[in-house]
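Dear colleague,

Please find below the structure that I am handing over to you.

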Amino acid sequence: MSWADILTGIGMLLVIEGLVYALAPSLVERLLEALREMSLDARRNFGLLSIVVGLIVLWFATR
């Protein structure tokens, strides 16, 4: 894995995130409201689950 790969991944993440904000700003507001209503433990578990799923996707992508 090179720096170019890392920068490509970060760039792709920013493009996808930017598309969400540009195309569905009201959806982002509803998502933020739903996150506010979740407990800290639920948010932490969601974050850990996201990490695990991301690592699995990367593992499959690099095989």
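**Burial, fold and pocket**

Of the 63 residues of the protein chain, 2% count as buried, where buried means under 20% relative accessible area. Please note that this is a predicted model.

The accessible surface of the chain comes to about 5,800 Å², and carbon and sulfur atoms account for 73% of that area.

As to the fold, the protein chain has 3 helices and 0 strands. Along the sequence, the pattern therefore reads α-α-α. The radius of gyration of the protein chain is 15 Å, well over the 11 Å that the globule rule gives for 63 residues, so the chain is more spread out than a compact globule. Along its principal axes, the C-alpha trace spans about 40 × 30 × 15 Å.

With regard to charge, the protein chain carries 5 positive and 6 negative charges.

Which helices each supply at least two residues of its lining? They are helix 1 (3–23) and helix 2 (25–37). Helix 1 provides the largest share of the lining, with 7 residues. The residues that line the pocket are Gly9, Met12, Leu13, Ile16, Glu17, Val20, Tyr21, Leu27, Val28, Leu31, Leu32 and Leu35.

With kind regards

Note on methods
Residues numbered from 1 in each chain as written. Predicted model: local features only at pLDDT ≥ 70, side-chain atom pairs only at ≥ 80, totals over all residues. Heavy atoms only, no water. Helix = DSSP H or I, 4+ residues; strand = E, 2+ residues; numbered from the N terminus. Rg over C-alpha atoms; globule rule 2.2 N^0.38 Å. Buried < 20%, exposed > 50% of the residue type's maximum accessible area, 1.4 Å probe, protein only. Areas by Shrake-Rupley, 256 points an atom, 1.4 Å probe, with all protein chains shown as cover. Lys, Arg positive; Asp, Glu negative; His and termini not counted. Charge placed at Lys NZ, Arg CZ, Asp CG, Glu CD. 1 Å grid on protein atoms, 1.4 Å probe; cavity = no way out; pocket = protein on both sides within 12 Å on 5 of 7 lines; lining within 4 Å.
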